Amino acid sequence: MSDYLVKALAFNDQVRAYAIKSTETVAEAQRRHYTWPTASAALGRAISATAMLGALLKGDQKLTVKIDGGGPIGLILVDGNAKGEVRGYVTNPQTHFDLNEHGKLDVRRAVGTEGTLSVVKDIGMRDYFTGQVPIVSGELGEDFTYYLVTSEQVPSSVGVGVLVNPDNSILAAGGFIIQLMPGTDDETITAIEKRLGEIPPISKLIQKGLSPEQILEEIFGANNMKIIEKMPVSFTCTCSKDRFSNAIISLGNDEIEDMIATDEKAEAHCHFCNEKYLFTKSELEALLSEAR
Ligand SMILES: [Zn+2]
């Protein structure tokens, strides 16, 4: 089944919620970047959260999440938009450690805890919103929660999880975001806090094969919420040979002449999806004539 996310309202519309099944999306990232399990979990959690943050946007708006925790994985960079398209990479995809004391992939150790999580939203008309918070956990779910609470000032709870098979492929991935609307009554806040304290960790819910709808039912109770929208989610990159051609042209005559003289070819690499584009000598010559 393809990935999707749902938007929901709960507790008489006082609570806004999102839940995602991102297994195929994270699996695509794993295959493209050859990530090892701990790196897969870190990238997959960031991808799942970013896809849900994208669902909070409208139209052509998009966002970039950058996590720089100072750990061995290096930088985690993920792009998302309002259409459910997401793409991302990490500096060191072959990062893996033994399981932590809870028997889980040690995402905190890979990500590090000395650094920042930043979000840049392109909200259209050359208008940008930027928010940055220190890494508080390194496990990423709590870090996204801290970002939403501190930077966007919306009381929120984020849960994201990724399960990896022994052969490094992705078994399952998913998550949720719960947000309290202004004026949520104390009774509701208490009820949700209690539920969040009682439910199994998100990784367990995913392992049980719960759908996004079922994850939210687990949190709110089936009679206490309504799904208002469902949208597909996928790993989608915007790169193309055309785009790289334009980038090469913009380098100018001298650079292109130099490429032809030195290598007689050029290879362009997209960090986001790990796709490589080869330009032959004759293709470079054609770009050179366009650059002139
Ligand atoms: Zn790409």
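**Exercise 1. Is C273 buried or exposed in this predicted model?**

Step 1: Look up the relative accessible area of C273, which is 3%.
Step 2: Compare that with the cut-off: buried means under 20%.
Step 3: C273 is therefore buried, given its 3%.

Now try C270. Its relative accessibility is 6%, so C270 counts as buried too. C239 is another buried cysteine.

**Exercise 2. Find which residues coordinate the zinc ion, and work out why the arrangement is called tetrahedral.**

Step 1: Pick out the donors. They are the SG atoms of C237, C239, C270 and C273, sitting at 2.2 to 2.3 Å.
Step 2: Check the angles. The four donor atoms subtend 101 to 114° around the zinc ion.
Step 3: Apply the rule: four donors count as tetrahedral if all angles lie between 85 and 135 degrees. The angles of 101 to 114° make this arrangement tetrahedral.
Step 4: Follow the donors along the chain, and you get the spacing C-x1-C-x30-C-x2-C.

**Exercise 3. How many aromatic pairs does a search of the whole structure find, and what do F11 and F220 form?**

Step 1: The search turns up three aromatic pairs.
Step 2: Take F11 and F220. Their rings are 6.1 Å apart centre to centre, with 75° between the planes, and the pair is edge-to-face.
Step 3: F11 lies in the loop between β1 and β2 and F220 in helix α7, so the pair ties together parts that are 209 residues apart in sequence. Both F11 and F220 are buried.
Step 4: Do likewise for Y89 and F272. With centres 5.2 Å apart and planes at 85°, this pair is edge-to-face because planes over 60 degrees apart count that way. Y89 belongs to strand β5 and F272 to the loop between β12 and β13, so parts 183 residues apart in sequence are tied together.

**Exercise 4. Which ring does the charged end of K241 sit over?**

Step 1: Find the ring: it belongs to F279, and its centre is 4.9 Å away from the charged end of K241.
Step 2: Look for another case. K230 lies over the face of Y4, 4.3 Å from the ring centre.

Technical notes
Residues are numbered from 1 along each chain as its sequence is written. This is a predicted model: local features need pLDDT of at least 70, side-chain atom pairs count only at pLDDT 80 or more; totals for chains, interfaces and linings use all residues. Side-chain values use heavy atoms; hydrogens and water are left out. Donors are N, O and S atoms within 2.8 Å of the metal (3.2 Å for Na, K and Ca); water is not among the atoms, so sites may look incomplete. Four donors count as tetrahedral if all angles lie between 85 and 135 degrees; four count as square planar and six as octahedral if opposite donors are over 155 degrees apart and all others between 65 and 115; anything else is irregular. Buried means under 20% relative accessible area, exposed over 50%, partly exposed in between (1.4 Å probe, protein chains only). Rings of Phe, Tyr and Trp (its six-membered ring) pair if their centres lie within 6.5 Å; planes under 30 degrees apart count as stacked, over 60 as edge-to-face and the rest as tilted. Helices (H or I, at least four residues) and strands (E, at least two) are DSSP runs, numbered from the N terminus. A charge sits over a ring if NZ of Lys or CZ of Arg is within 6 Å of the ring centre and within 35 degrees of the ring normal.
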